[in-house]
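This report describes a structure through its strands, contacts and charged pairs. The sequence and model come next.

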Amino acid sequence: MPIYRIIVDLSDRKLYLLDGNTVVRQFPVGIGRMLSRTPTGEFTVVNKQANPGGPYGAFWLGLSKPHYGIHGTNDPSSIGREVSRGCIRMYNRDVLALAALVPIRTRVTIRP
């Protein structure tokens with residue numbers, strides 16, 4: 001059984017899904033803008049919700065830092081850019097693929 005963890009690298013705007021220490025998938029992401037930077041550090045996935053509504057696209061993965069998460073978007077042109085209020089945005093198809101793989105309590109490391 002895979003032991004998944006997530007690393008978000010803000011400098012290259014990518015989310016990496018690892019099984020142990022091996023990268024098994026990588027996805028482009030949109031991140032927080034200058035006045036609302038994405039927080040760095042160690043977090044965990046604390047909840048999952050399909051079709052959360054609003055700007056959150058097809059899926060929401062809530063992080064242990066309240067009000068922050070990894071989610072889809074209704075604005076695909078924002079991926080790869082510094083546009084969010086601190087959340088990590090993914091293409092809807094990518095966040096659905098990620099959400100299908102990672103369970104609650106998955107470790108999420110966000111590095112500068």
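In which loop does Arg105 lie? Arg105 lies in the loop between α1 and β10. Helices (H or I, at least four residues) and strands (E, at least two) are DSSP runs, numbered from the N terminus. Arg105 has a positive phi of about 80° although it is not a glycine, and its relative accessible area of 68% makes it exposed. Buried means under 20% relative accessible area, exposed over 50%, and partly exposed in between, with a 1.4 Å probe and protein chains only.

The model is predicted, so local features need pLDDT of at least 70 and side-chain atom pairs count only at pLDDT 80 or more, while totals for chains, interfaces and linings use all residues. Residues are numbered from 1 along each chain as its sequence is written, and side-chain values use heavy atoms, with hydrogens and water left out.

**Sheet**

Eight strands make up an open sheet of mixed pairing, in the order β3-β2-β1-β10-β5-β6-β7-β9. Two strands pair if DSSP finds at least two bridges between them. At the edges are β3 (22-28) and β9 (88-89), each of which pairs on one side only.

Strand β1 (residues 4-9) has five of its six residues buried. Six bridges pair β1 with strand β2 (residues 14-19) in the antiparallel sense, and Ile7 stands opposite Tyr16 in β2. The two strands form a hairpin with four residues between them, and Arg13 in the turn has a positive phi of about 55°. β1 also runs parallel to strand β10 (residues 107-111), joined to β10 by five bridges; there the bridge partner of Val8 is Ile110.

Further along the sheet, strand β6 (residues 59-63) and strand β7 (residues 69-71) run antiparallel and are joined by three bridges. Trp60 has His71 in β7 as its bridge partner. The loop between β5 and β6 holds Asn51. Asn51 is not a glycine, yet has a positive phi of about 45°; at 59% relative accessibility, Asn51 counts as exposed.

**Helix and core**

Helix α1 (residues 92-101) lies across β1, β2, β3, β5, β6 and β7, running at about 55° to β6. Axes here are lines fitted to C-alpha atoms, for helices over the stretch in contact, and angles run from 0 to 180 degrees between N-to-C directions. Contact means heavy atoms within 4.5 Å.

The largest nonpolar core has 22 residues, and those with the most contacts inside it are Ile6, Leu15, Leu61, Ile70 and Leu98. β1, β2, β5, β6, α1 and β10 each supply at least two residues of this core. Such a core is a set of buried Ala, Val, Leu, Ile, Met, Phe, Trp, Tyr and Cys residues joined through side-chain atoms within 4.5 Å. Beyond its neighbours within four places in sequence, Leu15 is in contact with residues including Ile6, Phe27, Ile70, Met90 and Leu98.

**Aromatic pair**

The structure holds one aromatic pair. The ring centres of Tyr56 and Trp60 are 5.3 Å apart with planes at 70°, so the pair is edge-to-face. Rings of Phe, Tyr and Trp (its six-membered ring) pair if their centres lie within 6.5 Å; planes under 30 degrees apart count as stacked, over 60 as edge-to-face and the rest as tilted. Tyr56 is partly exposed at 34%, whereas Trp60 is buried at 14%.

**Salt bridges**

There are five salt bridges in the structure, a salt bridge being a side-chain nitrogen of Lys or Arg within 4 Å of a carboxyl oxygen of Asp or Glu. The table lists three of them.

| Pair | N to O distance |
|---|---|
| Asp9 and Arg111 | 3.2 Å |
| Glu82 and Arg13 | 2.8 Å |
| Arg107 and Glu42 | 3.8 Å |

Asp9 in strand β1 and Arg111 in strand β10 are 102 residues apart. Asp9 is buried at 10% relative accessibility, whereas Arg111 is partly exposed at 38%.

Arg107 lies in strand β10 and Glu42 in strand β5 (residues 41-50), so their pair ties together parts 65 residues apart in sequence. Arg107 is partly exposed at 42% relative accessibility. Salt bridges that share partners also join Arg13, Arg37 and Glu82 into one network.
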